[in-house]
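Let's take a walk through this structure together, stopping at a few backbone and surface details along the way.

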Amino acid sequence: MGKIEWAMWANEQALASGLILLTGGIVGVAGQFRDWQFAAYAVAAGVFVCLLEYPRGKRNKGTSVERTGQYCFTVCVKSFGPLTRNYYVRAFIHAGICVPGGFMLATILGCVCLGIASLIYLAAAIRGEHWEPILPRKDSARKPVADSINRPPQNPPPRPPAEMRRKRAEDLEGAAYVNPIPVTANE
Amino acid sequence: MGNWIINHGLTYFILVVWMAINTFLFVWFYFLYDLGDRFIYTRHILGSALSWARAPAAVLNFNCMLILLPVCRNLLSLIRGSFMCCGRTIRKQLDKNISFHKLVAYMIALMTAVHIIAHLVNAERYYNSRHGDYDELSTALSNLGDTANTTYLNPIRSLSTTPILLVFTSIAGLTGVVITLALILMITSSMEVIRRSYFEVFWFTHHLFIVFFAGLVFHGAGRIVRGQTATDPPHDPKHCDDEVDEWGMEENCPIPQFAGGFPQTWMWVIGPMVLYVCERLLRFVRYLQSVQYRKIVIRPSKVLELQLMKNGFKMDVGQYVFLNCPSISQLEWHPFTMTSAPEEDFFSVHIRSAGDWTQKLISVVEQLPAGAQGPKMSVDGPFGTASEDVFDYEVAMLVGAGIGVTPFASVLKSIWYKSKESNPKLSTRKIYFYWLCRETHAFEWFADLLQVLEREMEERGMGDFLTYKLFLTGWDQSQATHVMVHADKDTDVITGLKQKTNYGRPNWDKEFEQVRAENPTSVVGTFLCGPAALASVLAKKCVKYTDVDPRKTKFYFNQENF
């Protein structure tokens, strides 16, 4: 199991937990359960976790697959710098967020799932992983075109005068040339 | 439209049947709990949330039964074998077992969500009823069971029990939380990203299914969903519900009695669980059987060829085995397609360095002295996939992309042996083989095989039997120049084969047209081992070029994947 980047799995788990927290919170609020305030908190917490976890980080090795439309989220998350880059911080944030969910039945599942995600992030942080944004590659693959394309040559290339270039009938041997690429008939 | 039916009809029919059963179960159990007289009092407290919890439970029973079946590899191979008589369309469905497994898993996840939400509402309503928040009848019902000789309806027995406490002190609640957690962990680690890149995480986490099934079987043991039982004289809720104070005192309204339903989940899942246990036992037995090395060859580009022998091992063309090497990893089994033909007395695999396990194996083998036996190896299998069907088709189009060319090594060798022996089982008259790869690096061994076959076929005057085209999709300018300069040579500069290498991707329309033109009345089987994108292209072409007229060319598409 040497090459596993735990952060990838932690990210999936955390995103799922965010959705579960959100769903539990909506049920709690809509059903006007007792302690619905925890459910209302869970709605907000769920949305926050989803926004934080939606942009996938760049993998150390191999191709990173983006989630659909994650670019704007990437930019937002990137702007928090070390707070979102460091996985220790994420582990503690998730651990903190999940606690109030444990006080109400509707949100307890989200709480436990987020706690597990927090533990996996901790494992990732201990192994030295960190979050890198996936940014679109700058298009440097095309060969840069020189500036002279805007200024075509004014004169024809230098060549000896026409007299010298004409093939002479006296010297057929000297006038003939050999094709560098062998020419064969089309089969 | 007709083409679509020929190529996809049975798959969608099976899906429709499956959805129909799901829908039927949902609706049936919904109305059982919504209209049944036994549950009039239960519904009085819980409302329709009772039915919304029980209906998905029935669908969950059905799907948890189904989910283990598509992953019983040996069972599927057995079914495949016994259907050899019954047409390839049925056998083709068995190729899609993992897709079905995933579909059933999505249904389980969806129904779990509905089930949990409904029970959240139920727990809340039971709690409120216990605390007298609802009407007099509700409070009276909840109070039942507090004294002797009465059975309770409301599982919240004391005023201090919160919904959370109810969940963690009841069997149903506790098992429910545990199995839901197991399910969530299984699902997040099965996401494509994790599965493709960190297979071990997926594989080990997926074993949480043991926890899942254990909890599932006991989930109903607490009998927490309660309905009214018969009393003498009978208590009719429709008459007695407005005379709560008279219960027990009036003749026609004795105190109502309740009991929970008999747990049924185990009846649904016990069969597949037993089958799966047998499956794993078989794997363990195979692990213990001894495997000898006949030959170990290190091929160019660090490809390892292992020729192995095992007592009683019988293979078919294009099958694969799982290899386990305890000295590298006790628990990991890795699949490899076999590259030898069934006619040979050994079986071989070609292993490329593609990850931790393969790299370690190659380095262990490289350090062995010549002629020594390799590290202890266990073999599970063989397991069959689409390539077994190749000989049934008059004309076969084989497309191998990159590493996907491996099963076709077995096919081509077997064809060669069969044609040498004039085996009557070989209905194939013509084979078109398309080999696509970015570069021939790591596949020189396959080019060698093609060279040998090419030579032998020419010697026997069967040059027409096999037509192969190679496509190098990763050419660059220097290669193109090199080829231009040597364009006159008889054999190809890259592979040394008589057939010239083509550059870039094949034009499938042209290829299918050519096959159709050369075989106007045949059934053509198209076999692909390669990426999913190519599969959808080929599947579409098969549908496009198939004639509905049964006398004309028909293309069937088969796909292997790992």
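B:Arg223 is partly exposed, its relative accessible area being 36% (buried means under 20%, exposed over 50%, and partly exposed in between, with a 1.4 Å probe and protein chains only). Its phi is near 50°, a positive value in a residue that is not glycine. You will find B:Arg223 in the loop between helix H12 (209-218) and E1 of chain B; helices (H or I, at least four residues) and strands (E, at least two) are DSSP runs numbered from the N terminus.

This is a predicted model, in which local features need pLDDT of at least 70 and side-chain atom pairs count only at pLDDT 80 or more, while totals for chains, interfaces and linings use all residues. Residues are numbered from 1 along each chain as its sequence is written, chains are lettered from A and ligands numbered from 1 in the order in which they are written, and side-chain values use heavy atoms, leaving out hydrogens and water.

Chain A has a positive phi to show you too: A:Gln32, not a glycine, has a phi of about 50°. A:Gln32 sits in the loop between helix H1 (6-30) and helix H2 (36-53) of chain A, and is exposed at 67% relative accessible area.

Back in chain B, look at the prolines. The peptide bond from B:Asp232 to B:Pro233 is cis, with omega near 0°, and B:Pro233 lies in the loop between strand E1 (226-229) and H13. Another cis peptide bond, with omega about 0°, links B:Gly381 to B:Pro382, and B:Pro382 belongs to strand E8 (residues 378-383).
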